[in-house]
Amino acid sequence: MSVIHDAMAVAGYAAPWHATAGSAIDLHLSTAVTVNAVRVIRLDMPKPQAMHWSVERLGDTPRHESFDLGSFLRIGTAQLVRTDRVEGVSFEVFLTRNHGDRAIVETDSFALTLADDGLRFRLGDRLLLSGQPLPARDWLRIDIRSTSTGVALDVTSKDLLAPFKLHREFDAAWKTPGQDLLFGASLAHDLPTLNAKFASVALHLPSGVASWTFPTRLTDAPLISSGAAALELEAVNLPTFCTTSSRWNGSSFDPRLVPSHYDAIHCHDDDMGPLRWPACFRASLARDAASGVYAFEVEHERGTEQIVFFVVAAARRNRLLFLAPTATYLAYADEFLPEHLYEWKCQDRGQQFAIDNNLRSLYDYHSDASGVSICSYRKPKATLRPDYNYPLCGGPHNLPVDLHFLRFCHANGIAFDLTTDHALHESGLAGLEGYAAVMTGSHPEYMSMEIEDALRRFAAAGGSIAYLGGNGFAGKVAFKGDLMELRRSPLEAGRTWDGPIAEQSFAITNEPGGHLRASGRGEFSLTGVAISLMGFDRGRPFTRTPASRDPATAWLFEGVGNETFGDTGMVLGAAAGYEVDATDAHLGTHPDTMVIARADGFPDSFVHDATRWYEGGDLQREGRRCAEMTLRPLASGGMIFSASSVAWLGALPASGMNDVGRITLNLLNRLGAASTGTSRDARQPT
């Protein structure tokens, strides 16, 4: 489908998404208007700063591009002609939710399709079967083959309680396929693709059977058959690997133990793999480029659009390191937010662009109600903009809030380097060596095990962590190149799609997904806090606790004249809001963790984290309707500070100073003056 540009005249992506000084980044665009100029600007300065870097036009003029939505399986024509003759095809299919005409399997010589009135079978130009009811959400075995008298079609179910069997023989001539053989897509690509799982695909040849067993690990290479011939099958447009097949019996939830139980691929009609739009412009980053948040600013006849990328530090220049939460940015990018499920408080052109183009984030459902679990940064991230307003809270969220913080740092003499989640996943602990402290953004919700492990080792070796957000260090993701995968579990408790526990393992690594805390890591054992409340009405200020007077913590409040602070802010009007955290000794908060400020009195619309259990029942639960700011000194000499609110950084002043700004500056100045955190010894296992 062609990109619908009604909401945004220009959309695109930068690749790679992060790079170091001296390298190059390409801009890939789709546009419905004339592009007049492209330049690079730095976004994290008090005022956006134009960079005098070379921006080279590549190839043709930027044009109106398209998306290919929908995944399917393909055995190409070139593979089929390598065989003497295809005498039949068989496979397993699990139909989910489909409306209208869809192809189950199709080539030039036959087609088995699904319509609202049931199954249809065509051989050549002849319609041999129509209106045959077919069960959904049941594993079906389908065989189509040549016989001595014509062609046979067999469909049998795996359901023992509701068995289904269809056998038809047709007096018609079989013709071996001469074009692509597609599973889940029509040959003319004029129908939506099929929402279904596929498994155990096989071709029947004169010399025997060529069959495919789908791997549990995601691969971008063609799958090679075993048996009578070595033929290639392609999984097109990023279907979901590592899903349960008819062989899954509940005896194990780990695909590494029972790979035969997870040998199915789930195709969706709204899947979208990495885009391959041509590069229109290339920016050459200066060899002395400072790390930070940058963007291609595209000037067109109706205005401008900014497409964000990151320059990451290749070597330490400063003592503080800002960890840009690109995993969270990508998880939220292009969130659909259907209005029948959510009350919108504002409109945003990026959100409308996502809806118009049927884009989905990792918070959204596919059209068959299964969760979107994998995506690429090689796509428009229309909601990742400095001027983004989140419809659910009517104000900034994620990137614009983090930019507000970084601009505050520059305006107040806080020097820092920058890296990203993606870059830290690649480098591990080596990417943190030499720094005194790591600063987070407002919502570092997602990270890989490699990122979390690097942060733990960094802190264990003397480094400090300034956790300046809320609901952080919570969800586990996996990375592979430009792809990021997020498998949710029933512990999500209805905040977004709940993945079946049997399909919680990543296709990228086969490790279990879900919450980091479910793997014995995560928020409580690292920062001491985790999400306690979530809501989109007005936030609340913090009030100091007696522990804030302790000599070990009083320095943080020097110059703060008020007991209560943070009653204004760009996120829900206060310093504590959107998602806030609190301690829980039962779940792992360390005894050394000091609660130094607390916010309470949240509106009833703020809901509890449903994954927490309170021994004292409702009375105890109501007493924990709070956000708790904490500080934990570490035996290694470092410390961990937790702001415990997504809204904290939004309460920093845009100019002048306030109490939230003073506390933040006191913290960062102390951390920046501390001795350097990690040493080479931190590489050793603890």
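Mentor: For overall form, one compares the radius of gyration, taken over C-alpha atoms, with a globule rule of 2.2 Å times the number of residues to the power 0.38. For 686 residues a compact globule would have a value near 26 Å, and the protein chain agrees because its radius of gyration is 27 Å. This is a predicted model, in which local features need pLDDT of at least 70 and side-chain atom pairs count only at pLDDT 80 or more, while totals for chains, interfaces and linings use all residues. Residues are numbered from 1 along each chain as its sequence is written, and side-chain values use heavy atoms, with hydrogens and water left out.

Trainee: What percentage of the 686 residues is buried?

Mentor: Buried means under 20% relative accessible area (1.4 Å probe, protein chains only); such residues make up 61% of the protein chain.

Trainee: How many helices and strands does the protein chain have?

Mentor: Helices (H or I, at least four residues) and strands (E, at least two) are DSSP runs, numbered from the N terminus. The protein chain has nine helices and 43 strands.

Trainee: In what order do the eight strands of the open sheet lie?

Mentor: Strands of a sheet pair through backbone hydrogen bonds, either parallel or antiparallel. Two strands pair if DSSP finds at least two bridges between them. Here the order is E12-E11-E10-E9-E16-E7-E21-E19, with antiparallel pairing. Strand E12 (126-132) and strand E19 (223-224) are the edges, each pairing on one side only.

Trainee: Which residue in E21 is the bridge partner of phenylalanine 72?

Mentor: The partner is valine 236. Strand E7 (residues 72-75) and strand E21 (residues 232-236) pair in the antiparallel sense over three bridges.

Methods. Buried < 20%, exposed > 50% of the residue type's maximum accessible area, 1.4 Å probe, protein only.
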